[in-house]
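User: I have a structure open and want to go through a few of its features. Can we start with the charged pairs?

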Amino acid sequence: MNTKPSDISLKKRFSPNFWILSGILFSVTIISTLILSPNLMVRHTPYQIGDIADKNIKATTDFFVIDENATSRQQEIARNSILTVYDYDKSLSDTLKQKINSAFALSRSAFGSSGEEKALDIHNEILSLKPEFEKKIGISVNKGACKILENEKFSENISDLITNILTKILRNGVVANKDLLLKENDKGITLKTIGTDDEMVVRNLKHFYGLDQAKTMVRIIGEPILKNVDYTVVNLIVDFTQRLIQPNITPNRSETEKRKNDSEALINSTLYKIQRGEMILREGERVTPLHLLKLNELKDQTGTKQALEKGIGTALIILALLTITYLIHLKYQRKILHYQNKNLFFIGSVLILFLLILQFFAFLAQSLTPGAPVSISPASIFYCIPLAAGPMTICQFLGFNIAFPFAIVLSLISAIIFENSYELCLFFLLNGIMGAFWVQNCKERKGFIQAGVKVGLLNMLLATIIDIYMIDFSGFKLLWDWTFAFSGGIIAGIITAGLTPLMELSFGYTTDSTLHELANLDQPLLRRLMLEAPGTYHHSVIVGSLVEAAASEIGANPLLAKVCGYYHDIGKLKNPLYFIENQRNGKNIHNKLAPSMSCLILTSHVKNGIELAKEKKIGQAILDAINQHHGTTLISFFFNKAQKQAKDNQVVNIDNFRYPGPKPQTRETALVMLADVVEAASRALDQPTPARIQGLVQQLFNKLFSDNQLDECPLTLKDLHNIARSYNKILNGIYHHRVEYPDKLTPRDAKEKNGHTDRQQTDEAQNIDATDTDNSPSTLKRLGQS
């Protein structure tokens, strides 16, 4: 189908973004590599102090051993040599001076003239300026102090005296905690001026004032300056100065710690060299702490480098594997294209989850076998790993075509954990592919266990083949292999059954098992539809039957299509009587409404349906069908009605009478759209003969096709032909000719036309015969004919 460039499609809204895809790809690669990292390390014999060495160990290369004790001592000396850093705020006195002068200037502005009457105004203004004065100066002022300042007219001399005393005290230096400072008296401190690179070392720390000492010094320093000042004003100046004093020398702990760390970092480790070929540990020798130190250092210095190189190589292999799989297979899969980012994130999540499960079982096998009461090979326990559950889970949501390459990727990556074991890689590849194959048509929960049993039997066969190939089936090994292999299949089925609902809930998928539950007509939502909107219920059931049959014809999902047909009109439950199939006694509510209002009511059932679907959590696939089953089609009946009612020169906007969309994105949703219009229109046919039904179906299909409603779904012209033929067959069965019995004749005038208000048929639609066709280029001629 061709899409106009101007169309706003849902695919554009959910189009795969290169950066998102790259992010998913690189994230999965990095996380997978981290999961596999324990298997990339060079394996060394784990010795403990007191163990007896079972072989000679020589240094494979020159390396150094760190003398931790000597290094620690040197680092501690370096840290202690760093003096504590204190910050000196040289600008604090200027800042306080500016605040004091600003506050006094503000209040002085109130004194403009003299006079008794004016004095009262000044007093009131001073009171009104008091909060602003306190805010500027930074301290609270009581009424008595305010009165004194008012009497002194906030003299500039007072502010100068305060700043003078304050400056002299701060110039000496004030610290918040002098006791803490004096602890550094033996070494001294580094005094760093804030805002500059200037700093100096101060050894005599006693001359700095503590906060309480500085307040005491206010009277001492102020005594010669204030001797000619009134006593009350002196007290006010002293009080203000004491409260304005702030520490201007403060400890800078972060800078001190940084300098200590830098000094410590400059100390090189104390090393002694172990030369290549030097004997580290002799066979039969008891392991001492020094031996263990050398062995661990050898492991760290050789193993880390190799692990890093192998890690980079592993990441590149995984990246290439994932990229190629996506480009040549996943990119073109129909199941992936819809909500591609979500689907790829789901695949990546399942891959990471099963790599974790694989790593856990591999670690468990390596840990349990040495202490087992019977002799069991780790390879036997490996057959128990339920790796087949990964492809089985993918198949449940995205189909076998996606699960197949997933099984290949998962088995190839798993080979890294098993030290590139070809046999185990092949084992997990085959049971993963067959597990996905057996679970692809699973409709019930018990189907997972049945598939697990089949996988278990296949595992037993594969384990036997591998044992024969490896010529390793002595004693009870083959019996253990069968036991663990069969258990692995059963566990895979159980894990798939448990993961499926969790993944369904987490990623918004809808499985066939859930669809079977939703297809039950006893579902509360469908029963409510039957009771509250019986006409819509009957219409939905017929639509479900139509789309189910058509989906089988074109290879779509019949079960999903049927469920979408059942639920596509649940939004009509909110206002059922506004839809003609639910109206009784022939009264049409829309006759009393404006066409635009009727249009809004009709289109709202889509929004209401989406809200109801989200509330009931019936699945994203059904929600999409509700949202898309009308596309952007025109409600022609009310559009024509609006045009007739329009006044002279009044233009009716056609877009106001269209559904908001989007257009159908999947074949199942497109089937619901086609069935919806066909079923509704067929009710309005007089004498619904096969020829008339065929002509009606062809006309409606042509109308939707010409209106570009099918441009964004993957239906082909062949599919449309098969859909039309299927719809014709079912509608002919519904409206087949009936024999009129003499004792129960129905009066001709008792017939009543029934159809959707938004699907009213024109006169031409009532007189369609098999030869009715449209000669326009966009017409699909002879549609649905055998």
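User: Which residue forms a salt bridge with Glu 134, and how far apart are the closest N and O atoms?
Analyst: Keep in mind that this is a predicted model. Glu 134 pairs with Lys 130, and the closest N and O atoms are 2.7 Å apart.

User: Where do Glu 134 and Lys 130 sit relative to each other in helix α5?
Analyst: They are four residues apart in α5 (residues 116-137), so about one helical turn separates them.

User: How many salt bridges does the structure hold?
Analyst: There are 14. One of them joins the side chains of Glu 532 and Arg 528, at 3.1 Å from N to O. Both residues belong to helix α22 (residues 524-532), again four residues apart, or about one turn.

User: What about Glu 679 and Arg 683, what do their side chains form?
Analyst: A salt bridge, with 2.7 Å from N to O. Glu 679 is buried, because its relative accessibility is 1%. Arg 683 has 19%, and the cut-off for buried is under 20%, so Arg 683 counts as buried as well.

User: Which residues are linked in a network of salt bridges?
Analyst: Arg 79, Glu 257 and Glu 264.

User: Switching to the surface. Which residues make the nonpolar patch?
Analyst: Tyr 422, Leu 426, Leu 430, Tyr 469 and Met 470 make a patch of about 510 Å².

User: Which helix gives the most to it?
Analyst: α18, with three residues. Both α18 (422-439) and α19 (446-470) supply at least two residues each. Tyr 422 is in α18, and it counts as exposed because its relative accessibility is 52%.

User: Now helix packing. How do the axes of α23 and α30 cross?
Analyst: The axes of α23 (residues 534-554) and α30 (residues 717-734) come within 9 Å and cross at roughly 140 degrees. Angles over 145 degrees would count as roughly antiparallel, so this pair is classed as oblique. The crossing is right-handed.

User: Last one. Where does Ile 610 lie, and is it buried or exposed?
Analyst: Ile 610 is in helix α25 (residues 595-616). It is buried, because its relative accessible area is 14%.

User: How far apart are Ile 610 and Ile 570 in sequence and in space?
Analyst: They are 40 residues apart in sequence, and 8.7 Å apart from C-alpha to C-alpha.

Methods
Residues are numbered from 1 along each chain as its sequence is written. This is a predicted model: local features need pLDDT of at least 70, side-chain atom pairs count only at pLDDT 80 or more; totals for chains, interfaces and linings use all residues. Side-chain values use heavy atoms; hydrogens and water are left out. Patches are made of residues with over 30% relative accessible area and no salt bridge: like charges are joined within 9 Å, nonpolar side chains (Val, Leu, Ile, Met, Phe, Trp, Tyr) within 5 Å. Accessible areas come from the Shrake-Rupley method with a 1.4 Å probe; for residues, only the protein chains shown count as cover. A salt bridge is a side-chain nitrogen of Lys or Arg within 4 Å of a carboxyl oxygen of Asp or Glu. Buried means under 20% relative accessible area, exposed over 50%, partly exposed in between (1.4 Å probe, protein chains only). Axes are lines fitted to C-alpha atoms, for helices over the stretch in contact, and angles run from 0 to 180 degrees between N-to-C directions. Angles under 35 degrees count as roughly parallel, over 145 as roughly antiparallel, 65 to 115 as roughly perpendicular and the rest as oblique. A crossing is left-handed if the near helix is turned anticlockwise from the far one by less than a right angle, and right-handed if clockwise.
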